[in-house]
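The sequence and structure come first.

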Amino acid sequence: QAYATLHRCLATTSHLIAPLMPFVAEEMYRNLVAGQDASATESVHLSRFPEADRTLIDQRLMEATRLAMRIASLGRAARARAGIRVRQPLAKVSVALRTPEEASLLDSVREQVQDELNVKGIAVVALIEIDVSQKATAEEGGYAVALDTRITPELADEGLARELVHRIQNMRKSAGFELMDRIVTTYQAGDHVRRVMASHGDYIRQETLSETLVEGAPAEGAYQEKFKLGGEEVVLGVRRVS
């Protein structure tokens with residue numbers, strides 16, 4: 001079954017690009033389709049364009065995906081309206097849907113929406129419960145979202161950890177490191193950043209491929225940057241592990 005699906009995909013791809021890249025499409029078709037299927041025509045340009053098998057269409061999945069995209073778009077608009085960075089986790093987003101049936105669709109893509117909006121949970125509410133005049137809200141086409149903007153110390157720490165990862169990743173690029181290079185990260189900062197480095201160290205090391213997180217001045221030859229983060233001055237250094 002997997003081989004048949006792959007074969008159909010390769011054949012369809014060859015047909016789709018044939019009008020624009022006839023020689024590339026022909027090479028693909030002869031090597032990957034005609035060369036593997038004795039019943040296939042000799043050339044992609046002599047074969048019939050494939051017809052869609054509509055029995056394979058998952059209509060419910062398509063509707064759930066469209067719903068997820070709409071809610072994610074509204075959620076990002078609400079974040080922008082409230083001035084809250086996407087890297088800052090939030091506890092909850094309340095969502096008003098147009099029909100009760102859409103609640104079950106949302107359940108099937110709940111994790112994806114939570115990841116996209118960086119929230120811990122989703123609550124389905126009635127439209128009347130959302131005051132769209134407030135900052136952290138957005139409404140469109142009968143849908144509405146409202147973000148819970150209360151940031152607990154735990155959420156603030158997680159947001160700072162994500163920001164540190166973002167900074168270190170950018171430093172890796174600026175230093176010219178390869179994608180899979182292991183590094184040592186050093187830091188000089190105030191109490192808040194030090195606490196986050198300790199409590200979220202495993203996450204930061206994993207996301208940045210840091211062998212260790214070392215408090216102190218950057219080693220000689222390390223790439224370093226200084227910036228303000230969470231109201232504190234931070235000095236980060238990254239050095240590739242040889």
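## Helices H6 and H8

Helix H6 (residues 153–174) and helix H8 (residues 201–208) have axes that come within 10 Å and cross at roughly 25°. H6 and H8 are therefore roughly parallel (under 35 degrees), and their crossing is right-handed. From H6, Ala161, Arg162, Leu164, Val165, Ile168, Gln169 and Arg172 meet Tyr203, Ile204, Glu207 and Thr208 of H8, contact being heavy atoms within 4.5 Å. This contact has six nonpolar, two polar and three charged residues.

The model is predicted: local features need pLDDT of at least 70, side-chain atom pairs count only at pLDDT 80 or more, and totals for chains, interfaces and linings use all residues. Residues are numbered from 1 along each chain as its sequence is written, and side-chain values use heavy atoms, with hydrogens and water left out.

## Helices H3 and H4

The axes of helix H3 (residues 59–82) and helix H4 (residues 101–108) come within 9 Å and cross at roughly 85°. H3 and H4 are therefore roughly perpendicular (65 to 115 degrees). Arg60, Glu63, Ala64, Leu67 and Ile71 in H3 meet Glu102, Ser104, Leu105, Leu106 and Ser108 in H4. By class, five nonpolar, two polar and three charged residues make up the contact.

## Largest pocket

The largest pocket holds about 340 Å³ of space. A pocket is an open set of points on a 1 Å grid where a 1.4 Å probe fits, with protein on both sides within 12 Å along at least five of seven lines. Its lining (residues with an atom within 4 Å of a point) has 13 residues, with Arg8, Thr12, Pro50, Glu51 and Asp53 nearest the centre. Six lining residues are nonpolar, three polar and four charged.

Methods. Grid points are joined across faces, edges and corners, and a volume is the space filled by probe spheres set on the points. Ala, Val, Leu, Ile, Met, Phe, Trp, Tyr, Cys and Pro count as nonpolar, Asp, Glu, Lys and Arg as charged, and the others, Gly among them, as polar. Axes are lines fitted to C-alpha atoms, for helices over the stretch in contact, and angles run from 0 to 180 degrees between N-to-C directions. Helices (H or I, at least four residues) and strands (E, at least two) are DSSP runs, numbered from the N terminus. Angles under 35 degrees count as roughly parallel, over 145 as roughly antiparallel, 65 to 115 as roughly perpendicular and the rest as oblique. A crossing is left-handed if the near helix is turned anticlockwise from the far one by less than a right angle, and right-handed if clockwise.
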